[in-house]
Amino acid sequence: MDFIAIDFETAKRSMESACAVGLVKYVNDEKVDSFYSLIRPPVLYIRPDFTQIHGITVDDVRDAPDFMQLWESAVKPFIGGLPLVAHNARFDMTVLHSVLDWYETDVPEYSYFDSLAVARRAWPEFERHNLPFLGEKFGIVYEAHNALADAQTCAQVIFRAEGRMVAGGGQNHSLPVTALLAACGLTMNTLKRLGL
């Protein structure tokens, strides 16, 4: 499977307040690249209760690039034309849409899918499907709410689901993402169709 796992952390409840992004690129089921950066949000403020979750402070992001600097130089080229996956993708896609809208930049029609929805179909017997629970269930040791670690763990959930749901999954590296989605009764979404 070929895809980009993505995760954002935010400074507050406003969805344009991205303060960190992590991306991991997979080609033929193999990790080929990753990217992480802190982001200076449009308003230089981070709610204390959000800092308690992700550990990022105003001092951490004061000299970080804003999202538009990262978008043109790193994030957009990194994504290229690959589909995106995020755990609870509605959140991360809304952050991406909102921050691009804040900077009055066109939102690309990226294809994306949701590892949370995939996990719910692959393991309906689990009582929860959030990323920390799945990480613990699968023995994945990672730093929850670190954008890069969350993106990496999201990808590992996808590969485990592929192995469970798709014949030849985990062995046939030429399987498209759509094979996993079809096995789960899901379809690819398009960023522009979020209706934001």
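Helices and strands are DSSP runs, numbered from the N terminus. The model described here is predicted. On this basis, glutamate 16 falls in the loop between β1 (3-10) and β2 (18-27). Glutamate 16 is buried but forms no salt bridge. Lysine 12 provides the nearest side chain of opposite charge, at 5.0 Å. A salt bridge requires a side-chain nitrogen of Lys or Arg within 4 Å of a carboxyl oxygen of Asp or Glu. Beyond its neighbours within four places in sequence, glutamate 16 contacts Pro42, Ser98, Val99 and Trp102.

Tryptophan 102, one of these contacts, belongs to helix α4 (residues 89-102). Its relative accessible area is 44%, so tryptophan 102 is classed as partly exposed. Together with Val43 and Tyr45, Trp102 makes a nonpolar surface patch of about 300 Å².

Strands β2 and β3 run antiparallel and are joined by 8 bridges. The two strands form a hairpin, with 2 residues between them. In the turn, asparagine 28 has a positive phi of about 50°. Across the pair, alanine 20 stands opposite leucine 38 in β3.

Two further residues of β3 were examined. Glutamate 30 is found in this strand, which covers residues 30-38. The relative accessible area of glutamate 30 is 44%, so the residue is partly exposed. Glutamate 30 and aspartate 2 are separated by 28 residues in sequence. Their C-alpha atoms are 8.4 Å apart in space. Serine 37 also lies in β3. Serine 37 counts as buried because its relative accessibility is 11%, and buried means under 20%. With residues up to four places away in sequence left out, serine 37 touches Ala20, Val21, Pro65 and Leu70. Ala20, one of these contacts, is the residue opposite leucine 38.

Charge pairing was considered next. Side chains of opposite charge can pair when their charged atoms come close. The count comes to 4 salt bridges. One of the bridges joins the side chains of aspartate 49 and arginine 47, with an N to O distance of 2.7 Å. Aspartate 49 is partly exposed, at 30% relative accessibility. Arginine 47 is partly exposed as well, with a relative accessible area of 24%.

Aspartate 59 and arginine 62 also meet through their side chains in a salt bridge, at 2.8 Å from N to O. Aspartate 59 has a relative accessible area of 58% and is therefore exposed. Arginine 62 counts as partly exposed, at 40% relative accessibility.

Glutamate 125 forms a salt bridge with arginine 164. The closest N and O atoms of this pair are 3.3 Å apart. The pair links distant parts of the chain, 39 residues apart. Glutamate 125 sits in the loop between α5 (115-122) and α6 (131-137). Arginine 164 sits in helix α7 (residues 147-165). Glutamate 125 is partly exposed, with a relative accessible area of 47%. Arginine 164 counts as partly exposed, at 45% relative accessibility.

Methods. Residues are numbered from 1 along each chain as its sequence is written. This is a predicted model: local features need pLDDT of at least 70, side-chain atom pairs count only at pLDDT 80 or more; totals for chains, interfaces and linings use all residues. Side-chain values use heavy atoms; hydrogens and water are left out. Helices (H or I, at least four residues) and strands (E, at least two) are DSSP runs, numbered from the N terminus. Buried means under 20% relative accessible area, exposed over 50%, partly exposed in between (1.4 Å probe, protein chains only). Contact means heavy atoms within 4.5 Å. Lys and Arg count as positive and Asp and Glu as negative; His and the chain ends are not counted. Patches are made of residues with over 30% relative accessible area and no salt bridge: like charges are joined within 9 Å, nonpolar side chains (Val, Leu, Ile, Met, Phe, Trp, Tyr) within 5 Å. Accessible areas come from the Shrake-Rupley method with a 1.4 Å probe; for residues, only the protein chains shown count as cover. Two strands pair if DSSP finds at least two bridges between them.
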